[in-house]
Amino acid sequence: VEEWTFHKTYSGTPQGGIISPLLSNIYLHELDKYVEQYALDYNKGKKRRHNLIYHNVASKINHSKSKNKRDWERLTEEEKAERLRKLKALYKELQSHESKDLFDPNYRRMKYVRYADDFIIGVIGSNKEAEQIKKDLTDYLADKLKLELSAEKTLITHSKTNARFLGYDIRVARDWQRMKMSNGTKKRKFNYQTKLFVPHEKYIKKLINLGALKIGSNNGWKPVHRPYLVHNDDLEILRTYNAEIEGLYHYFRLASNVHVLQSFRQTMKYSMIKTYASKYKSTVSKIITEFSINGKFGIHYKTKDGPKIAFFTEQRMEKNSEINKQSVDIIENTLLYGGRTSLIERLLAEKCEWCGAENVPLEMHHVNKLKDLKGKKRWEQTMIARNRKTIAMCVKCHHDLHNGKLD
């Protein structure tokens, strides 16, 4: 709709449009129903058949253990050692086989997940069958929904390699390490489980896009200050970094390797310290000392409920799939500080920060550098004490300041 006139288009919904994901969900609901029925037809078998080789070895182990139990008292030490060696070799052989036949032709499964216009399908089956599924989906989308699958993005990937979906790397783990279970037995607990991973380049790219990291020679990392945050209040700078760190963690907290984001947080911390150092024309070591509160990096600030402290986030970077609260935006939104700074909030408050007059139009008085203020006048002392280059004043106070009549 342009100027309240509807025009038919052939290019689809706009990239990045607010309503585009909703329209995708409505239109691709037909695809969901098609794939749901397709999966019902494709799936077969309740469970995989036994692997005969595995169970033959398991039978030999049971037979050997029974024989050892029966003969143990009359065996010599050398004979005991030899039987234990053979039993250990059988266990080692058993661990090299799967208990089920992974290629059982009578067992098939298909799993489909879609998010807006992006979807992924997991298949237990042959590569030939995966090719056929891809062809059938391509034909359905073209014939019924008039959509074309991206050949570049529509890939068939073996489960032992990564598949990228919604920023995560998905891989089926092949972990042959055995773990002791609660009943005392040992088993390969994580073998053939589907795992989610944080891609290394994701958080590196995030740091670069934020301007918090510079990659130097030999691909070395170097945290750098962010010039566009220097003019923000101390609290705004801290909360911006906290929001960015916790936001990335909360997105990737389903990953098995989410602990790698500790490196992201550490780089962000030094970028933040360097940003403060740039703001106050100081050094990293001095900033750490100045803002250290009980061994943590923190900012003192005042609220209507009294003085408070905001600390740099110590969010534990551990896997967590639980949803504790059915709420949104419980963490500070970075856009809040990018779009509306405390300067704007102070203007909207309509309260003169000098005389205290309320519900009056305000003007913002600012200086280029705090060090230019001599501190001889009370309004200069106020700005120095607040560590702000700006002060919101009513029109009268602002005029008096410039006419030298404020003090």
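Visitor: Which residue takes a positive phi in the hairpin of β10 and β11?
Guide: In this predicted model, that residue is Asn 294, whose phi is positive and near 55°, and the hairpin has 2 residues between its strands.

Visitor: And how do β10 and β11 run, and how many bridges join them?
Guide: Strand β10, residues 292–293, and strand β11, residues 296–303, run antiparallel and are joined by 2 bridges; within that pairing, Ile 293 has Lys 296 of β11 as its bridge partner.

Visitor: What does β11 pair with over 6 bridges?
Guide: That partner is strand β12, residues 306–311, which pairs with β11 in the antiparallel sense, and the two are connected by a hairpin through 2 residues. Along this pairing, Lys 308 in β12 stands opposite Tyr 301.

Visitor: Switching to the inside, which residues of the largest nonpolar core touch the most other members?
Guide: The core has 34 residues, and those touching the most other members are Leu 238, Leu 261, Phe 264, Met 268, Met 272, Tyr 276 and Phe 297. At least two residues each come from α6 (200–210), α7 (234–252), α8 (261–279) and β11.

Visitor: Which element gives the most?
Guide: Helix α7 does, with 8 residues in this core.

Visitor: What is Tyr 276 in contact with, leaving aside neighbours within four places in sequence?
Guide: With those neighbours set aside, Tyr 276 is in contact with Asp 234, Ile 237, Leu 238, Ile 287, Phe 291, Phe 297 and Ile 299.

Visitor: How many residues are in the second core?
Guide: That separate core has 14 residues, including Leu 362, Val 367, Trp 379 and Leu 401.

Notes: Residues are numbered from 1 along each chain as its sequence is written. This is a predicted model: local features need pLDDT of at least 70, side-chain atom pairs count only at pLDDT 80 or more; totals for chains, interfaces and linings use all residues. Side-chain values use heavy atoms; hydrogens and water are left out. Two strands pair if DSSP finds at least two bridges between them. Helices (H or I, at least four residues) and strands (E, at least two) are DSSP runs, numbered from the N terminus. A nonpolar core is a set of buried Ala, Val, Leu, Ile, Met, Phe, Trp, Tyr and Cys residues joined through side-chain atoms within 4.5 Å. Buried means under 20% relative accessible area, exposed over 50%, partly exposed in between (1.4 Å probe, protein chains only). Contact means heavy atoms within 4.5 Å.
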